[in-house]
Each structure stands twice: as C-alpha cells, then as structure tokens.
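Trainee: Hi, could you walk me through this model? I'd like the overall fold and then some local detail.

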Amino acid sequence: MSLVIGLTGGIASGKSTVSTMLKELDISVIDADVEARLAVQKGEPAYAKIIEVFSHGILLPNEEIDRQKLGSIIFHNAEKRKLLNEIVHPEVRKRMTRQIEEANQNQEELVVLDIPLLFESKLTYMVDKTLLVYVDRSVQLQRLMERNNLSALEAEARVNSQMPLSEKVSIADAVINNNGSIKETKKQLNDILIQWGIKKNKR
Ligand SMILES: CC(C)(COP(=O)(O)OP(=O)(O)OC[C@H]1O[C@@H](n2cnc3c(N)ncnc32)[C@H](O)[C@@H]1O)[C@@H](O)C(=O)NCCC(=O)NCCS
Ligand SMILES: Nc1ncnc2c1ncn2[C@@H]1O[C@H](COP(=O)(O)OP(=O)(O)OP(=O)(O)O)[C@@H](O)[C@H]1O
C-alpha cells in the first residue's frame, strides 16, 4: 500500500509551491483543485447540478461554468457554499480515491493529496499523515490579493470561508511555516521528509 500524505493549508498559503518541490523529488501529487475543476466540466454530472441550483446565468457564453461569478457568490454566502460543496466534493472524493487505487496498483511507495479543505471536509481518513503549509493571516491576505488581483474585502471573504490556519496548526502532524523565503520553506520540507523516513539525509 502507498503511504498517503495529505498536504493542506489555506487559500494562497503555499500548497502549490510545496507541491512543486515534491514533484521535483519525483513524488506523485494529486491536486484536489484540479480534480474539482475537471468534475464540473460540461457533460459531467456536477455540471448539470450546478446549473439546477445556480441557474443558467452561471454559464459563460461558451457554456463553461463562470468560475469568477460562482466564486463571487459562494465566498460571500455560507448557504450557497454548502450547496456547491455538496455537489462538487463527492465527485472530488471519488476521483481522488480512484487515483490512490491506481498508485497502489502501480506499487508507488508514496502519494501526496493536495487538499485545501482536508480538515474542514473531514477527509483525514483518506491519508496517513497530514502536512500543513502555514502563513500568518496578514501574509496570506497580501499574497492572495497580489496573486488573484483581489480587493482586501474579496480576499478576506475567501480566507474567512476556511478554518483559520492557526487552528489547523494544532491538528496537523507537521507544519511548514511559509512566512519566510522559498529557500526556508524548502529546508523545512526536506527536514520533515527526512524525519518521516521519506528522504535520506545527504551529508
Ligand atoms: C468557487 C470556485 C468556482 C472558484 O474557482 P476559482 O478558479 O476562482 O478558484 P480555485 O478553484 O482555483 O480555488 C482556489 C482556492 O479557493 C479555496 N476554495 C475553493 N472552494 C472553496 C470552498 N468551497 N470553501 C472554502 N474555500 C474554497 C481553496 O483554498 C482553493 O485552493 C471553485 O473554487 C469551486 O468550484 N469550489 C468548490 C469546490 C471546492 O471546494 N474546491 C476546493 C477543493 S476540493
Ligand atoms: N515563501 C514565499 N515567499 C513569497 N511568495 C510566496 C511564497 N510562497 C508562495 N508565495 C506566493 O504566494 C502565492 C500563493 O502561493 P501558492 O499558489 O503556492 O498557494 P496555494 O496554497 O497553492 O494557493 P491556492 O490553494 O489558493 O491555489 C503565489 O503567488 C506564490 O508565488
């Protein structure tokens, strides 16, 4: 059986940055955001359900889901967010489970699941260990505003729709503090991988 590590954090906390470092070590990473995007493509069951709940007004002229519009609805409305989660999350779980099974069949020793809502969605049963990418709220908001070109209000709505990272710190098996430089983050990741017996200590 493959060892499954759940990589988590919050929006713009640095999961993709850490996930790139893992891929450079030839470790397979399954990305829940990518699976969530695939699950709502035209023709998928979740696509029809989203139109049922959010109406045809949620579509772009090319009939794909208008992600910006959907985001501006669900990050400001907990009820609507719950409705979307109930449609998309079961599909994401199915897709990730299928990929873990494939990794097992291919006798991969290690697979990483990058899941932003690992703790909120109570998905820890899917993984053996949890690795949190932490940043202070102020750093998180700043990086989110810059990366997504969002106002402070929009960035806060997104951050507030998730469990505070300070709470996640106390439940994760290991924590990377990503407030500093990329180099410092890489060093912390390497130390954790060595501690977990995944990577050899090069002297
Ligand atoms: C609202 C949507 C359309 C916005 O799309 P957009 O392309 O702008 O953002 P993207 O999907 O890349 O998500 C960026 C980040 O937002 C955060 N986020 C996304 N959905 C949620 C949610 N339902 N609750 C809290 N945070 C969320 C995550 O940290 C994620 O990494 C999209 O995020 C979505 O369909 N969300 C529901 C599915 C979901 O929960 N995905 C997250 C992992 S399964
Ligand atoms: N240590 C760092 N120093 C400076 N900028 C950083 C650092 N780590 C990440 N960033 C930047 O912060 C932003 C968020 O990082 P990243 O995309 O890795 O986060 P994420 O957790 O994957 O976000 P999301 O889940 O929302 O897609 C990016 O623009 C990234 O380049």
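Here is our chat about the chain and a few places in it.

Mentor: Happy to. This is a predicted model: local features need pLDDT of at least 70, side-chain atom pairs count only at pLDDT 80 or more, and totals for chains, interfaces and linings use all residues. Residues are numbered from 1 along each chain as its sequence is written, while chains are lettered from A and ligands numbered from 1 in the order in which they are written.

Trainee: How many helices and strands does the protein chain have?

Mentor: Nine helices and five strands. Both are DSSP runs numbered from the N terminus, helices being H or I with at least four residues and strands E with at least two. From the N terminus, the order is β-α-β-α-α-α-α-β-β-α-α-α-β-α.

Trainee: And what is its radius of gyration?

Mentor: It is 18 Å, close to the 17 Å that the globule rule gives for 203 residues, so the chain is as compact as a globular protein of that length. That radius is taken over C-alpha atoms, and the rule is 2.2 Å times the number of residues to the power 0.38.

Trainee: What share of the residues counts as buried?

Mentor: 27% of the 203 residues. Buried means 20 or more other C-beta atoms within 10 Å of the residue's own, exposed means 12 or fewer, and partly exposed is in between, with C-beta atoms placed from the backbone.

Trainee: New topic: at what angle do H6 and H7 pack?

Mentor: About 120 degrees, with the axes of H6 (residues 137–148) and H7 (residues 152–160) 9 Å apart. Axes are lines fitted to C-alpha atoms, for helices over the stretch in contact, and angles run from 0 to 180 degrees between N-to-C directions.

Trainee: Which residues meet there?

Mentor: Arg137, Gln140, Leu141, Leu144 and Met145 in H6 meet Ala152, Ala155, Glu156, Arg158 and Val159 in H7. Contact means C-beta atoms, placed from the backbone, within 7 Å.

Trainee: Where does Ser151 sit, then?

Mentor: In the loop between H6 and H7. Ser151 is exposed, because 9 other C-beta atoms lie within 10 Å. Its C-alpha atom is 9.7 Å from that of Leu141, ten residues away along the chain.

Trainee: Is Ile182 buried, exposed or partly exposed?

Mentor: Partly exposed, because Ile182 has 13 C-beta neighbours inside 10 Å. Ile182 lies in H9 (residues 182–195). Ile182 and Met21 are 161 residues apart in sequence, yet 10.0 Å apart in space, C-alpha to C-alpha.

Methods: Two residues are in contact if their C-beta atoms, placed from the backbone, lie within 7 Å.
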